[in-house]
Amino acid sequence: MRSLTAADRARRMLALLHHLQPGTTVPLERLAELLGASPSEIADDITTLSLCGVAPYYPDDLIAVFVEDGLVNVWAPLPAFDRAVRLSAGEARALAAALHAAGFGPSHPLTERLLQAASADFSAEELAQVIRSAVTESVGEVYKTLALGIERGRTVRIVHRRAGADRETEREIEPLELMNDKGAWYVSAFCRLAGAPRTFRLDRIRSAVLTDTVFSRHPDGLAGRAFSPEGLPVALLRFDDADAFSEREWPGARVVAQHGKSLEVEVPYAGTAWIARMVTARLGTAEVVEPRDVRAAVARLAADPSNVLG
Amino acid sequence: MSDATERLVNLAMYLAAAPQAASAARIRAEVAGYPSDQDEAAFLRMFERDKDDLRAAGLAIEADADGRYRLDPSATFASEISLSADEFAALRAAAAALLEDPAFPFSGDLRFALAKVENTLDVPEVHASAAIADECPDLQGDTVARLAAALGASKRVTFTYTNSRSQTVRHKVEPYGMFAREGRWYMVGRDVALGSVRTYALSRLSDLVVNSARPKSRDYERPADFDVSAYIRLPFQFGDEPFEAVLRIDADITWRAQAITAGQGCVTEDPSGGLTWTVAARDRNALLRWVVENGPGISIIEPPDLARGLAEGFARVVKRHA
């Protein structure tokens with residue numbers, strides 16, 4: 001692990017200061033969590049801060065803090081820095097990049113307001129011209145509602161269009177976790193319509209509305225299962241050209257045989273509609289060997305172009 | 001270590017509390033931590049480093065015409081940050097996810113940013129995760145961070161690159177921008193030997209060296225009109241046969257248009273409430289496949305033979321699954 005420089009540590013201590021309001025006690029654990037440090041490191045920081053202040057460095061000129069029983073006690077106003085310091089250029093860049101990754105582009109009101117209040121002379125527009133951690137900027141509004149639903153344990157009513165589906169469905173979900181997979185955001189949830197855990201891609205959610213209905217998180221933790229192939233049915237596919245097969249396109253796939261240029265692969269699938277569409281999209285260069293119902297679904301889909309194209 | 005940290009915090013406190021600008025000599029006398037037996041030149045070097053360190057933490061330290069220093073309070077301290085509950089929730093979720101993602105290149109700065117903008121310590125547990133890159137995320141994140149530093153300072157970089165034909169070549173490049181797409185980070189830059197702007201997948205790059213000569217001077221100027229989004233392409237925009245495609249997006253999925261088009265091409269409304277999307281393409285088969293994968297609701301208008309190709313492809317699928 002890289003050792004912290006004096007400058008890094010001073011920066012961390014300065015970032016702590018506006019959380020130290022006079023007359024309050026703050027859990028050491030929470031400060032440690034916020035700053036990505038261990039409680040003992042933050043305790044050392046607090047001890048060092050208690051030795052800092054302004055001339056002439058009499059006791060009343062020093063930062064009035066001490067740690068006791070895992071709590072940071074602040075017993076007098078700070079000599080300075082009672083407000084948060086603005087973001088440095090690097091911090092503003094990191095925040096703008098993170099917001100962009102979550103669907104809040106440089107001109108989104110959230111990004112604009114946040115950077116205007118917290119950062120001096122930083123342009124998220126300019127950053128987006130050189131570094132983009134997301135391609136689209138369309139999921140921000142849905143993201144906000146789902147994030148609040150998760151924090152407050154309240155259900156969210158969504159209008160969703162599943163991949164390959166020809167219509168939208170309205171459903172009430174218990175949102176459990178937001179997940180980014182290769183740049184796309186998903187919400188792992190318990191779907192009350194399906195009566196089962198489901199994962200929804202955010203750019204397929206047309207609208208999301210927070211309800212007043214409170215839910216309890218499932219005790220065995222349904223979140224985190226979203227991309228696990230465990231327990232999913234498996235289809236056997238044949239690809240005419242082994243080079244045309246990419247594991248990145250078929251999560252959890254396993255090559256079982258190769259005959260000349262062709263390849264047989266077992267592919268886990270969560271929905272028949274999805275795998276039928278993926279195979280149909282190969283336009284005859286891939287085939288479902290089994291199961292029969294998936295083979296039939298592919299045949300049905302391709303038989304009527306209006307099924308495929310709408 | 002402790003002395004240097006204390007000195008930096010003391011200097012920050014002094015500047016924030018000082019009623020007026022102060023000379024370097026006065027600061028030396030009044031800020032605890034500057035050695036009294038240090039010669040003038042050594043003190044000035046230390047003081048310069050200290051100011052740089054505090055500026056990197058966000059402090060706006062100014063010098064007046066007489067060489068006296070003060071903190072600009074309006075540029076140093078944040079205004080009140082007024083976000084709604086859902087905005088804070090979104091910020092926390094995005095930050096929590098990306099802080100733990102090794103492919104996100106700015107996690108150190110993001111942590112400090114969040115600590116500064118968060119106005120309460122009493123926050124609920126955040127449930128969010130991220131995996132921007134699925135191939136060597138640590139390596140990609142580290143490479144992006146180093147390239148971002150090179151890009152910010154306009155320093156040339158050299159690296160070894162293995163292309164999709166397994167050819168390995170050493171390149172010298174002026175980085176112009178970077179983007180993440182479909183699990184990979186890419187760098188766009190001008191290849192000095194080739195004299196043209198190229199895109200490099202960072203997972204194929206190794207032995208990166210940033211030019212360290214004359215660190216405070218720029219090696220190159222990025223074109224003023226550069227926009228990295230022009231280099232983010234859809235799967236059918238790679239290939240050797242450029243053509244223009246016109247696609248129709250049905251009225252009931254126009255709300256997904258931004259996600260579908262990824263900002264590429266030209267979108268116009270048609271009388272039926274749908275959208276007509278004109279977009280550059282380079283691979284016919286990849287476009288056909290993309291249309292099917294992203295449908296229903298997307299159809300090909302031009303070129304007409306491509307639409308026929310789709311119908312022929314469906315016939316092959318039916319025949320194989322009969």
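**View 1. The β7(A)–β8(A) hairpin and its turn.** In this predicted model, β7(A) and β8(A) make a hairpin with four residues between them. Look in the turn for A:Gly195, whose phi is positive at about 70°. Strands here are DSSP E runs of at least two residues and helices are H or I runs of at least four, both numbered from the N terminus.

**View 2. How the two strands pair.** Strand β7 (residues 184-191) of chain A runs antiparallel to strand β8 (residues 196-201) of chain A, and six bridges join them; pairing takes at least two DSSP bridges. To get your bearings, find A:Tyr186, whose bridge partner in β8(A) is A:Arg201.

**View 3. Helix α8(A) against helix α9(A).** Here α8 (residues 272-280) of chain A packs on α9 (residues 292-303) of chain A at an angle of about 60°, axes 9 Å apart. Axes are lines fitted to C-alpha atoms over the stretch in contact, with angles from 0 to 180 degrees between N-to-C directions. That angle is why α8(A) counts as oblique to α9(A), since angles under 35 degrees are roughly parallel, over 145 roughly antiparallel, 65 to 115 roughly perpendicular and the rest oblique.

**View 4. Who meets whom between the helices.** On the α8(A) side, the residues in contact include A:Ile275, A:Ala276 and A:Val279. Among those they meet in α9(A) as a group are A:Val294, A:Ala297 and A:Leu301. Contact means C-beta atoms, placed from the backbone, within 7 Å.

**Notes.** Residues count from 1 along each chain as its sequence is written, with chains lettered from A and ligands numbered from 1 in written order. Local features need pLDDT of at least 70, side-chain atom pairs count only at pLDDT 80 or more, and totals for chains, interfaces and linings use all residues.

Definitions and conventions. Two residues are in contact if their C-beta atoms, placed from the backbone, lie within 7 Å.
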